[in-house]
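Student: I have a new structure to look at. Can we go through it step by step?

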Amino acid sequence: MEEEKDQLSRRNFLAIATGAIGGLIGIVMAIPAVAYVVGPALQRRTAENWVRLGPTSKVELGIPTLFKTIIESQTGWIVAEEEISVYVLTEDGREYIALSNICTHLGCRVRWITDQGQYFCPCHNAAFDKTGEVVAGPPPSPLDRYETKVEEDQLYILLGG
Ligand code: FES
């Protein structure tokens, strides 16, 4: 009788333990599914996201100057870092133009060629003028521009929005 009781409680324990482990596995497996559904709502808002590029003193008058910066983006729980490169141009030290270095054709990186006074995209030999307008090649539109602002001699660009 005593032995039978022991067996029963062992059986009960095993049943409870199996149920608990099964439940735990179910919860662990459900977390990514819930994150997938709820994730978009948790995305970090990027509207009005001003990113500091660096000091205005770095920009030579009339010559596009390359700035690089790391930005962080978050989707759900995934945080990713991305380096962005921006050419900044000013003719008078007051008004600034900030251009993406990503070609609007297929996304290669353009670079400023001082001797030619143009941005050059090596992928399909495209050229853009100083202000980012297409002057040669297949790109369908000018280089993307960022809104800029200057605060305490530091340049900022607006991302997202
Ligand atoms: S990607 Fe720049 S010209 Fe094609």
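Predicted model: local features only at pLDDT ≥ 70, side-chain atom pairs only at ≥ 80, totals over all residues.

Student: How many disulfides does a search of the whole structure find?
Tutor: The sulfur atoms of Cys108 and Cys123 are 1.9 Å apart. A disulfide needs the two sulfurs within 2.5 Å. The search of the whole structure gives a count of one.

Student: Which parts of the chain does the pair of Cys108 and Cys123 link?
Tutor: The two cysteines are 15 residues apart, and the pair links distant parts of the chain. Cys108 sits in the loop between strand 4 (97-100) and strand 5 (111-113). Cys123 sits in the loop between strand 6 (118-121) and strand 7 (126-128).

Student: Is the link of Cys108 and Cys123 left-handed or right-handed?
Tutor: Look at the angle about the S-S bond, which is -95°. The link is left-handed.

Student: Is Cys121 buried or exposed?
Tutor: Buried means under 20% relative accessible area. Cys121 has 2%, so Cys121 is buried.

Student: In what order do the four strands of the open sheet come?
Tutor: The pairing in this sheet is antiparallel. Strand 2 (65-75) and strand 9 (145-146) stand at the edges, each with a single partner strand, so one side of each has no neighbour in the sheet. The order is 2-3-4-9.

Student: Which residue of strand 9 is the bridge partner of Ala98?
Tutor: Strand 4 and strand 9 run antiparallel, joined by two bridges. The partner of Ala98 in strand 9 is Tyr146.

Student: What is the relative accessible area of Val86?
Tutor: Val86 belongs to strand 3 (residues 78-89). Leaving aside neighbours within four places in sequence, Val86 is in contact with residues including Leu53, Phe67, Leu99, Tyr146 and Ile157. Val86 is buried, and the value is 0%.

Student: How far apart in space are Val86 and Ser100, C-alpha to C-alpha?
Tutor: In sequence the two are 14 residues apart. In space the distance is 4.9 Å.

Student: With which side chain does the side chain of Asn101 make a polar contact?
Tutor: Asn101 lies in the loop between strand 4 and strand 5. Asn101 counts as buried, because its relative accessibility is 5%. Not counting residues up to four places away in sequence, Asn101 touches Ser85, Tyr87, Cys108, Arg109 and Val110. The polar contact, at 3.4 Å, is with the side chain of Arg109.

Student: How many salt bridges does a search of the whole structure find?
Tutor: Side chains of opposite charge can pair when their charged atoms come close. Glu91 meets Lys130 at 3.4 Å, N to O. Arg94 meets Asp92 at 3.8 Å, and Lys149 meets Glu151 at 3.1 Å. The search gives three.

Student: How many residues apart in sequence are the parts tied together by Glu91 and Lys130?
Tutor: Glu91 lies in the loop between strand 3 and strand 4. Lys130 lies in the loop between strand 7 and strand 8 (134-136). The pair ties together parts separated in sequence by 39 residues.

Student: Is Arg94 buried or exposed?
Tutor: Exposed means over 50% relative accessible area. Arg94 has 64%, so Arg94 is exposed.

Note on methods:
Residues numbered from 1 in each chain as written. Heavy atoms only, no water. Buried < 20%, exposed > 50% of the residue type's maximum accessible area, 1.4 Å probe, protein only. Pairing = 2+ DSSP bridges. Polar contact = N/O pair within 3.5 Å; in protein donor to acceptor, adjacent residues only side chain to side chain. Contact = heavy atoms within 4.5 Å. Salt bridge = Lys/Arg side-chain N within 4 Å of Asp/Glu carboxyl O.
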